[in-house]
Amino acid sequence: MNVTEAEDRTNGLIERGRMLFAQGWIFIRGVPSMKFLPPEGPLEIAFAGRSNVGKSSLINAILGQKLARTSNTPGRTQELNYFVPDGYSGEGKDLPPIAVVDMPGYGFAEAPKEQVDAWTRLVFDYLRGRSTLKRVYVLIDARHGVKKNDAEVLDLLDRAAVSYQLVLTKIDKIKAAGVPRLMEETAQAIKKRAAAYPEILATSSEKGAGLDELRGAIALLLEENQK
């Protein structure tokens, strides 16, 4: 593939990602335990990350709507929150093509230990037992890199054989010259991980950086699973 073909392919993916997320999206349910999960059907992608990594802000930026709850208090998301494109009845074969799942943050929460443990069990059970879950986007704060609790989640995803891709957040908070180096270092850190997708994405919800590429990656995943 020559440079022009590669550019055309990238631009095509970005446009398909834009179209996918240009339609209205809606919140359909919060899932406090596995028995409340919606029926398996649409492809699911999930967003995971440490509390305060900017997960809800990134989801809102991708969807172009303020659907995911943001808060200055880490650990606000306590359920698996489901978002789908609007315009589908959800009955019979009239199902949305994809669902976006906002997972509870890990690593810190302003909540009693037993409640945090319950969220943790929910997340682990979901990762292990959801056949329609095709990829988890694990968000990493660009200012801090992969921390111990991030690595523990990556270990879990490797064991569960769930495909995941790392997404750097808040790249506007570090020097622009340092972003390529951080992406390369992060790629090297996961090189031998069995379930890791090799490409690292870098984003800023505040500045809009990398959102087109992330939408394009999701559009590509959807297309590959529809073949």
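View 1. Gly49 stands opposite Leu139 in S5. The model is predicted: local features need pLDDT of at least 70, side-chain atom pairs count only at pLDDT 80 or more, and totals for chains, interfaces and linings use all residues. Residues are numbered from 1 along each chain as its sequence is written, and side-chain values use heavy atoms, with hydrogens and water left out. Strand S2 (residues 43-49) pairs with S5 in the parallel sense over 6 bridges; pairing requires at least two DSSP bridges. Strands are DSSP runs of E, at least two residues; helices are runs of H or I, at least four, and both are numbered from the N terminus.

**View 2. The S5 and S6 pairing.** S5 also pairs with strand S6 (residues 164-169), in the parallel sense over 6 bridges. Here Asp141 stands opposite Thr169 in S6.

View 3. The structure holds 3 aromatic pairs (ring centres of Phe, Tyr or six-membered Trp rings within 6.5 Å; planes under 30 degrees apart are stacked, over 60 edge-to-face, the rest tilted). In one of them, the ring centres of Phe47 and Tyr137 lie 5.4 Å apart with planes at 25 degrees, so the pair is stacked. Phe47 sits in S2 and Tyr137 in S5, 90 residues apart. Phe47 is buried at 1% relative accessible area, and Tyr137 is buried at 0%.

Definitions and conventions: Buried < 20%, exposed > 50% of the residue type's maximum accessible area, 1.4 Å probe, protein only.
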